Amino acid sequence: MNKYPKYKNSGIAWLGEIPEHWEIRRIKYVFKELNNRSETGKEDLLSVSQYTGVTKKSDKVAEGESISNAKTLEGYKIVEKGDLVINIMLAWNGSLGISKYNGIVSPAYCVYRNHIGNERYFGYLFKTKNGQQEFKKQSTGIIDSRLRMYTDSFFDIKTALPPKKEQIKIAHFLDYKIEKINRFIKKKKQLIKLLNEQKTAIINQAVTKGLDPNAQLKDSGIEWLGDIPVHWKVKKLKYGTNILRGKFTPRPRNDPKFYDGDYPFIQTGNITSTGKYIETYNQTLNELGKNVSKEFPINTVVMSVAANIADVAILNFKACFPDSVIGFYPFEGTDTDFLFYQLKNLRAEFYKIAIKSTQYNLNVDRVKNVKIFLPPFLEQQAIVKYIENELGLIDKTISTIQKEITLVEEYKTALIAEAVTGKIDVRKWSEP
């Protein structure tokens with residue numbers, strides 16, 4: 001895009017140079033605060049996020065769940081389409097947006113209406129990185145989680161004010177470009193989803209049918225599985241592995257006396273966040289903590305049985321575990337990596353036998369009776385080699401796609417900032 005023919009110094013650090021004919025105004029001359037309150041609380045409840053802007057709360061709540069913990073929504077602030085809604089506690093990280101809906105928001109939010117410009121232009125301007133930094137600068141509080149940007153501070157900020165026709169043109173330009181960029185990103189994310197499904201299918205086929213398409217088959221005796229190679233064995237987990245149960249519950253903030261020692265301590269989050277191997281740790285237990293915990297040996301396949309149940313990983317060092325984790329140490333004749341892929345493939349089966357209250361939990365007595373399917377040891381190793389080769393190729397493709405998404409996200413951020421601060425001239429742009 002071309003630049004404007006002439007620029008001037010705005011005198012405002014977060015705006016930099018702006019086109020010569022643009023004005024600078026304090027926000028109090030561009031927006032007015034609204035404080036209209038709901039008399040019934042029956043309007044659509046809206047929420048504000050740094051990622052999605054202003055959305056209907058009902059769109060994010062599962063059917064049957066309560067839309068709010070408040071006893072009544074009477075007295076909530078009324079919002080109309082085109083109003084700017086700001087979460088004053090999180091304005092510094094972009095928790096604001098122009099509403100596409102009529103509804104109500106928490107009294108803790110601020111609602112503003114533009115009266116001399118185009119609200120969509122300012123919606124883009126205020127979401128820029130420099131805009132967020134200015135909001136943070138104008139917020140009061142000791143730490144980020146305590147920062148507040150009150151109306152007086154917001155109104156005192158100086159903003160760019162292009163002619164209204166230019167504001168509309170800039171907003172229209174960005175609407176078009178961002179929609180195309182978001183559609184591109186959405187398609188790329190759908191492709192990643194398909195590739196991950198392909199990875200799951202590769203694992204499932206390999207660990208339940210083997211690599212020989214001509215192998216003689218037999219009935220596995222398991223309805224969902226069907227036939228397996230005739231020379232494979234079917235065993236319950238308790239007969240194919242030594243099952244270990246973590247047994248440590250105190251948390252550092254409640255009982256710090258067990259922590260900060262020489263023994264690595266792994267929790268469910270460490271299992272969920274790793275791809276396959278647990279190679280690092282960020283907590284340790286001392287001798288007292290180790291004595292009330294359970295230490296698993298190297299090469300144990302560990303699985304979470306609470307919260308994110310059935311996530312699995314392989315332990316690369318000795319470590320202690322809480323009671324929300326169980327371990328499977330393979331008996332002779334069972335390859336650790338093959339067992340990992342077997343358990344990963346059984347995720348749906350573990351969910352079937354899980355107990356659900358406020359969250360899913362796995363009962364060890366049920367887990368130990370889940371069946372695994374074991375080919376001869378050398379065949380297990382060959383299957384693992386095949387799986388990891390195929391998954392490696394797919395992961396390279398996924399990595400390339402993720403880099404593309406990152407670059408396009410960066411381009412989108414830069415494009416918005418360039419357009420709303422006049423670094424590019426879109427006045428002659430027309431939608432193809």
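This is a selection-by-selection tour of a predicted model.

**Stop 1: the nonpolar core**

Start by selecting Phe-126, Phe-154, Leu-174, Met-303 and Phe-350. These are the residues with the most contacts inside the largest nonpolar core, which has 87 residues. Next, keep Phe-126 and show its surroundings. Leaving aside residues up to four places away in sequence, Phe-126 touches Ile-27, Phe-31, Leu-84, Leu-96, Gly-131, Gln-132, Phe-135, Phe-154 and Thr-159. A separate, second core has twelve residues, among them Leu-244, Ile-266, Ala-319 and Val-325.

**Stop 2: helix H2**

Select residues 129-138, which form helix H2. Which residues of H2 are buried? They are Gly-131, Gln-132, Glu-134 and Phe-135. Turn the view to look down the axis of H2: the buried residues fall within an arc of 160°, so they line one face of the helix. On the face turned away from that buried side, look for the exposed residues Lys-129 and Lys-137.

**Stop 3: the four-strand sheet**

E9 also belongs to an open sheet of four strands, in the order E4-E11-E8-E9, with antiparallel pairing. Strand E4 (31-34) and E9 are the edge strands, each pairing on one side only. From one strand to the next, the twist averages 25°. Now select E4 together with strand E11 (residues 109-114); the two run antiparallel and are joined by four bridges. Within this pair, Phe-31 stands opposite Asn-114 in E11. Phe-31 is also one of the residues that Phe-126 touches. Bring H1 back into view: it lies across E4, strand E8 (84-87), E9 and E11, and runs at about 160° to E9.

**Stop 4: the five-strand sheet**

Move to the open sheet of five strands, with the order E16-E24-E21-E22-E18 and mixed pairing. Its edge strands are strand E16 (241-245) and strand E18 (277-278), each of which pairs on one side only. In what sense do E18 and strand E22 (residues 312-315) pair? The pairing is parallel, over two bridges. Select Tyr-277, and find Ile-314 in E22 standing opposite. Then show helix H8 (residues 336-345), which packs on the sheet and touches E16, E18, strand E21 (301-304), E22 and strand E24 (325-330). The direction of H8 makes about 165° with that of E22.

**Stop 5: two cysteines**

Select Cys-110 and Cys-320. Is Cys-110 buried or exposed? Its relative accessible area is 8%, so Cys-110 is buried. Cys-320 is buried as well, with a relative accessible area of 0%. How many disulfides does a search of the whole structure find? The count is zero.

**Stop 6: Pro-229**

Finish at Pro-229, in strand E14 (residues 227-229). Pro-229 counts as buried because its relative accessibility is 1%, under the 20% cut-off. Show its contacts: beyond residues up to four places away in sequence, Pro-229 touches Thr-208, Lys-209, Gln-216, Leu-217 and Lys-218.

Conventions:
Residues are numbered from 1 along each chain as its sequence is written. This is a predicted model: local features need pLDDT of at least 70, side-chain atom pairs count only at pLDDT 80 or more; totals for chains, interfaces and linings use all residues. Side-chain values use heavy atoms; hydrogens and water are left out. A nonpolar core is a set of buried Ala, Val, Leu, Ile, Met, Phe, Trp, Tyr and Cys residues joined through side-chain atoms within 4.5 Å. Buried means under 20% relative accessible area, exposed over 50%, partly exposed in between (1.4 Å probe, protein chains only). Contact means heavy atoms within 4.5 Å. The arc is that of the directions from the helix axis to the C-beta atoms. A disulfide is a pair of cysteine sulfur atoms within 2.5 Å. Two strands pair if DSSP finds at least two bridges between them. Axes are lines fitted to C-alpha atoms, for helices over the stretch in contact, and angles run from 0 to 180 degrees between N-to-C directions.
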